[in-house]
Amino acid sequence: IVIEQDLPFAIMRGQFYLCYQPKVRLTQGRAMGIEALLRWRHPTLGEIPPLDFIPLAEESGFIFEITLWVLERACRQVKEWERKFPGLKLAVNLSPFLLNRPELVEHVKRILRETELVPDRLILEVTESGLMENIETGRHILTELQQLGVQAAIDDFGTGFSSLAYIRNLPVSLLKIDRSFIQGIAENSKDATIVDTIIHLAKSLDIEVLAEGVETESQVVLLSQMDCDYAQGFYFSRSLEAEKLQQWLEKYN
Ligand code: G
Ligand code: G
Ligand code: NA
Ligand code: MN
């Protein structure tokens, strides 16, 4: 109840902050980009995980304002890093609820203009299941974003019962394979076969592929052998606040 009551005030009370997790290009070991992840530090409850408040934000519609806050903040940060880390891409999570808010496109346009971030640096991540549940409005809004130069990624791929044959017809440039499939690839040959198949099918459709939740070196070796483009996970780095992430990038990029 406290969470619900306090959520609408979290922005103005300065309780939100962002962490970033690198997305590493496997052939280079360097970050192609970073994913912004929202954090809420509550004065009495402490850290509240996004899984506990994003659904409430979606129900109340407050997710719109929150997403604009994340976008503005993260775009400004990446613009600040432009000279240090040229070409670094920024991914922001897009709730499926926002696929029904066409005015989002104008806000993205405005934020890119105000922060002077080049549109092709921005990737919006939508979960596979969220996209499939809003397929028509999703196609519309992703197409308009693509016309701005903004890219789209499918998050948590493999959990949403869609198929690549279907996704091929959407303006999507990156597929993120859900970490539940990555977890077992070194031990379970069926998981490895599934991941290998997804990678090769996606690439044959000109869609790049990222493996989520990569935690071990043997996973990295296997994914490299499978020609997976990118990986993200604790093996490389957990999500870090801006200052710590900058240190990571200075070390590895
Ligand atoms: O890193 P973490 O434990 O915070 O992520 C938990 C979940 O919360 C992930 O599914 C992630 O996509 C989601 N999430 C994190 N930040 C945001 C955000 O800014 N917007 C939305 N819609 N989801 C987010
Ligand atoms: O759904 P999305 O990919 O946006 O969510 C990211 C979530 O995955 C966050 O909760 C983040 O903390 C978590 N995460 C990131 N890397 C790893 C990893 O290597 N292993 C595990 N178990 N979780 C991870
Ligand atoms: Na994501
Ligand atoms: Mn994911």
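Predicted model: local features only at pLDDT ≥ 70, side-chain atom pairs only at ≥ 80, totals over all residues.

Visitor: Which numbering and which cut-offs apply?

Guide: Residues are numbered from 1 along each chain as written, and chains are lettered from A and ligands numbered from 1 in written order. Local features need pLDDT of at least 70 and side-chain atom pairs count only at pLDDT 80 or more, while totals for chains, interfaces and linings use all residues.

Visitor: OK, what surrounds ligand 1?

Guide: L37, L38, P49, P50, L51, I54, V70, N93, S95 and S239. Being near here means a C-beta atom, placed from the backbone, within 6 Å of the molecule.

Visitor: Which elements give two or more residues to that shell around ligand 1?

Guide: β2 (30-42) and α2 (50-60). α2 gives the most, with three residues. Helices (H or I, at least four residues) and strands (E, at least two) are DSSP runs numbered from the N terminus.

Visitor: How do the residues around ligand 1 divide by class?

Guide: Seven are nonpolar, three polar and none charged. Ala, Val, Leu, Ile, Met, Phe, Trp, Tyr, Cys and Pro count as nonpolar, Asp, Glu, Lys and Arg as charged, and the others, Gly among them, as polar.

Visitor: And what classes does the shell around ligand 2 have?

Guide: Two nonpolar, five polar and five charged residues. Among the residues surrounding ligand 2 are D155, D156, R179, E212 and E215.

Visitor: New topic: how many helices and strands are there?

Guide: The chain has 11 helices and 10 strands.
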